[in-house]
Amino acid sequence: MPSNPNDSADLRALQAGDDRALDRLIARWERPVYAFAWRYLHHDVDAREVAAETFVRLYQQRIRLRPDSNLSAWLFTTAANLCRNLHRWRRRHPAVSLDQTVGEGSAARRSVEAADDCATPDEALVQKETLAALEAAVAALPHELKTVLLLHHYEHLSYREIGAITGCRERGIETRLYRAKRILRESVARFLDQPVGLTT
């Protein structure tokens with residue numbers, strides 16, 4: 001998702017002390033940042049915390065940012081780093097929340113649920129097992145592969161835009177995507193008669 005043309009003006013206004021500019025930036029970018037964090041963490045509360053912390057850091061770093069900065073790249077870079085750190089912390093401190101909410105859910109999950117209406121019970125079970133395997137495989141990807149995959153497949157960012165976020169060259173982005181998709185195909189192969197719906 002490329003930067004909005006209003007980002008630079010709002011960043012300059014924020015640097016000049018207009019806190020309403022932060023409200024405009026949050027209104028513009030909160031949902032995409034939350035969606036990325038949810039897909040990375042699969043936890044509604046954690047994703048909301050990451051989104052909130054991303055904008056806290058934007059406010060804290062507002063003076064250091066150049067007005068012509070690629071704000072969307074900065075936001076997704078910050079969110080990705082926060083997700084990685086929180087994911088590591090959760091792995092070291094596992095806990096199960098009885099009141100955890102799923103939030104908006106993934107597009108894949110919604111499409112499977114919609115397909116359940118037309119599927120036989122056996123087909124619906126296979127679809128759910130496949131989706132669970134795919135989500136588990138995505139969750140298990142290394143950070144650099146997971147970040148590239150989520151930004152490309154769900155946020156529809158170009159290799160250049162992903163490179164601005166990850167600090168990786170476009171050829172490296174292509175390689176990371178290939179590796180991520182290969183891992184996913186291998187992880188869910190036993191549930192599928194055809195390759196995973198992530199095309200190169």
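Modeller: In this predicted model, the side chains of E53 and R57 form a salt bridge, with N and O 3.0 Å apart. Both residues belong to helix α3, and because they are four residues apart, about one helical turn separates them. E53 has a relative accessibility of 28%, so E53 counts as partly exposed. R57 is also partly exposed, with a relative accessible area of 35%.

Helix α3, which covers residues 44-60, holds another pair. R48 and D44 form a salt bridge there, and their closest N and O atoms are 3.1 Å apart. R48 and D44 are again four residues apart, about one turn of the helix. D44 has a relative accessibility of 7%, and since buried means under 20%, D44 counts as buried.

A further salt bridge joins the side chains of R20 and D18, at 3.2 Å from N to O. R20 is exposed, because its relative accessible area is 58% and the cut-off for exposed is over 50%. D18, at 21% relative accessibility, is partly exposed. R20 and D18 also belong to a network of salt bridges, which links them with D7, D10, R24 and R28.

Counted by the rule used here, the model has 10 salt bridges. Among them are the pair E53 and R57, the pair R48 and D44, and the pair R20 and D18.

Key: Residues are numbered from 1 along each chain as its sequence is written. This is a predicted model: local features need pLDDT of at least 70, side-chain atom pairs count only at pLDDT 80 or more; totals for chains, interfaces and linings use all residues. Side-chain values use heavy atoms; hydrogens and water are left out. A salt bridge is a side-chain nitrogen of Lys or Arg within 4 Å of a carboxyl oxygen of Asp or Glu. Buried means under 20% relative accessible area, exposed over 50%, partly exposed in between (1.4 Å probe, protein chains only). Helices (H or I, at least four residues) and strands (E, at least two) are DSSP runs, numbered from the N terminus.
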